[in-house]
Amino acid sequence: MDRTDWPFFDAPHRAFATELDAWAAANVRDVHGDHDVDAACRQLVRQLGDAGWLKHAVAGREYGGAGEAIDTRTICLARETLARHNGLADFAFAMQGLGSGAISLAGTPQQKARWLPKVASGEAIAAFALSEPDAGSDVAAMQCAARVEGDVAILDGEKTWISNGGIADVYVVFMRTGEAPGARGISAFVVEAGTPGFEIAERIDVIAPHPLARLRFTNCRVPLGHRIGAAGEGFKVAMGTLDVFRTSVAAAALGFGRRAMDEGLARARSRAMFGGVLGDFQLTQAKLAEMATTLDAAALLVYRAAWQRDQGHNVTREAAMAKMFATEGAQQVIDAAVQLWGGQGVRSGETVERLYREIRALRIYEGATEVQQLIIGRDVLKNG
């Protein structure tokens, strides 16, 4: 049974998954831009926008979105499908949604009209700037600050590990504004590339190449009209944005895991060994059984959480379970696929080698596995 035949999905979801899979196979499969990742990412954003896929990553039909609200199941199907074909295409799609998510959720009509249509069409690239050198998982430890002078906000400080840093046109930046201590004194601002006082301080290279940077703000002046939501509501805006997209991180891991399963099966069926093929051995069959079961269990957790959110339920616990299990499980599945490929599996450029690098960051960003464990454990203690 295809996953879209599960009761979590409606007919439009099934059509979406089928159409995107065919488009990705024809247009972006295995094109990863290792030599010029910035150019490849820009091209993928335009391709996704021109083909109409990015409209599902923003909210509001009048602003270029596919619907009035972002449909979590569609976002998850998109990321699973794209990740199976091309990790950078998944990244390009996801960051258009995450980068503009705060505007979709809490922006004024004027803010939405100014930025969302360009994001939905692929004309503008978006980024979400929350993490700092000493404030990653602990958002309340944020040190970047903004002060208001008349109708201008003046931003100072540094952000790091910012995806799309260096190529984005629009950055949603979270700054401490001091209305209250801790998480209650943070506000969100839109900062456009090229704004005086805003610079890319460092480009960051990682094992699975994608645009990533450290940002620096020095007396960076932005109109107060660029603030998203009320003063001091930035933490709520950030968490609301992450709540929409956290389950989709699990879906991307699922896509990577499914591709690894494909590669492992192909190897097991074709690798000649001792008068037969690798798949003839019981140890191989046992490993394939573990891989298949892990992927199905992860998919059930992912699409349960996505379905529940689309029904209007709080899914903090369910999304944490999905992200924890799917990212950790996909790491195990991909490692097993590398093992099935043997020495060839660690050769640079092989699909399983690339997947091995692609999956690792998903266990960290948008809430590391250990943070998800805390969320789940606290909820279990509170609610059983």
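Modeller: Buried means under 20% relative accessible area, with a 1.4 Å probe and protein chains only. This model is predicted: local features need pLDDT of at least 70 and side-chain atom pairs pLDDT 80 or more, while totals for chains, interfaces and linings use all residues. Residues are numbered from 1 along each chain, and side-chain values use heavy atoms, leaving out hydrogens and water.

Biologist: Thanks! Is Ile167 buried or exposed?

Modeller: Ile167 sits in the loop between strand 3 (152-163) and strand 4 (170-176); strands are DSSP runs of E, at least two residues, and helices runs of H or I, at least four, numbered from the N terminus. Beyond four places in sequence, Ile167 is in contact (heavy atoms within 4.5 Å) with Asp38, Cys41, Arg42, Ile125 and Pro211. Its relative accessible area is 4%, so Ile167 is buried.

Biologist: How far from Arg267 is the nearest side chain of opposite charge?

Modeller: Arg267 lies in helix 6 (residues 234-270). Lys and Arg count as positive, Asp and Glu as negative, with His and the chain ends not counted. A salt bridge needs a side-chain nitrogen of Lys or Arg within 4 Å of a carboxyl oxygen of Asp or Glu. Arg267 is buried yet has none, and the nearest opposite charge, on the side chain of Glu350, is away by 7.5 Å.

How values were computed:
Buried means under 20% relative accessible area, exposed over 50%, partly exposed in between (1.4 Å probe, protein chains only).
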